[in-house]
Amino acid sequence: MLNYPQFDPVIFRLGPIQPRWYGFMYLCGFLYTFRLLKKHSRWMGLDSPEKADSILATLVLSLIVTARLVYVIFYNLPGTLEGPWWEVFAIWHGGLAFHGGLLGVVLGAIYVSKKYKIKWQRLTDVLALATPVGLGLGRIANFINGELWGRPSDVPWAMIFPGAGPLPRHPSQIYEALLEGVVLFVLLRLVWRRKPKVGVTSASFLLFYAAFRISMEFFREPDVQVGFLFWGITMGQLLSFTMVAYGSFLMWQSLTRGEAFDATLHGGKAKKR
């Protein structure tokens with residue numbers, strides 16, 4: 001058994017200014033996404049890289065709103081309803097669901113693609129490339145905060161987390177940081193380098209992430225207010241199965257009817273292959 005290192009969730013304190021690691025990790029993920037949006041702006045059909053900032057702002061807003069709503073509805077509806085009405089918006093207390101954030105990004109991407117007349121699936125391909133960075137950093141922040149710990153275990157690297165009881169547990173946040181962050185990043189980069197048809201990178205993200213999340217849920221302790229659903233399935237697994245279904249459809253559609261990858265394309269129609 002390893003000792004859980006006692007981290008301070010606050011990076012530094014300067015009077016009322018107390019930035020936290022969790023928010024800092026999110027910021028780093030957003031900045032990396034902004035970098036990729038600017039880098040691939042021409043490939044997406046964006047007439048000016050400077051518009052990447054407004055695109056990112058829209059995506060971040062839609063991500064936060066839907067991530068919170070999905071958490072409240074699927075993970076903590078009774079607890080939220082028992083509190084004051086403004087608790088629905090209290091994201092500073094924690095409670096952002098990844099699957100909700102993904103839904104928000106999809107909806108936001110549809111909106112900005114219509115607004116700026118860019119290819120929706122080209123935009124989602126770029127966002128798919130960027131997402132593992134935010135995911136990996138977010139899981140590290142979960143570990144620093146001592147939250148979303150794993151199930152009880154007797155493996156040599158198990159830890160006793162503050163607030164999780166006396167039993168040593170899997171450091172599942174680290175498992176997820178490696179799989180959903182590092183491994184997923186490498187896999188998507190390998191897919192991208194092959195210059196697949198448009199949409200294949202997005203579909204690969206959905207399928208890889210769903211597979212990793214479903215497997216990691218066997219090591220992660222379910223949310224106490226939700227527990228197990230049926231047949232030992234967790235809410236995270238159930239929502240991930242929907243990603244498998246949509247990712248499979250998107251992969252089929254992209255491979256059979258998708259447009260060819262063309263790094264020089266700037267608007268217009270791409271040739272099929």
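The model is predicted, so local features need pLDDT of at least 70 and side-chain atom pairs count only at pLDDT 80 or more, while totals for chains, interfaces and linings use all residues. Residues are numbered from 1 along each chain as its sequence is written, and side-chain values use heavy atoms, with hydrogens and water left out.

Begin with the protein chain coloured by secondary structure, where you will find 9 helices and 0 strands, each being a DSSP run (H or I of at least four residues for helices, E of at least two for strands) numbered from the N terminus. Of the 273 residues, 48% are buried, that is, under 20% relative accessible area with a 1.4 Å probe and protein chains only, where exposed means over 50% and partly exposed lies in between. Among contacts (heavy atoms within 4.5 Å) between residues at least 6 apart in sequence, 69% join residues at least 24 apart.

Next select helix 5 (residues 98-115) and helix 6 (residues 120-145), whose axes come within 10 Å and cross at roughly 150°; the axes are lines fitted to C-alpha atoms over the stretch in contact, and angles run from 0 to 180 degrees between N-to-C directions. Showing side chains brings up the residues that meet, including Phe-98, Val-105 and Ile-110 in helix 5 and Trp-120, Leu-123 and Leu-135 in helix 6. Within helix 5, pick Ser-113, which is buried with a relative accessible area of 7% and which, leaving aside neighbours within four places in sequence, is in contact with Ile-118 and Trp-120.

Now turn to the largest nonpolar core, which has 43 residues, with Leu-37, Ile-55, Leu-123 and Phe-205 making the most contacts inside it; such a core is a set of buried Ala, Val, Leu, Ile, Met, Phe, Trp, Tyr and Cys residues joined through side-chain atoms within 4.5 Å. Centre on Leu-37, and among the residues it touches, not counting those up to four places away in sequence, are Met-44, Ala-52, Ile-55 and Leu-123. A second, separate core of 7 residues includes Val-70, Tyr-71, Ala-97 and Leu-239.

Finish at Glu-50, in the loop between helix 2 and helix 3, which counts as exposed at 52% relative accessibility. The C-alpha atoms of Glu-50 and Leu-37 are separated by 9.6 Å, with the two residues 13 apart along the chain. The side chain of Glu-50 also makes a polar contact with the side chain of Ser-48 at 2.8 Å, a polar contact being a pair of N or O atoms within 3.5 Å, of which, within protein, one must be able to donate a hydrogen and the other to accept it, and residues adjacent in sequence count only if both atoms are side-chain atoms.
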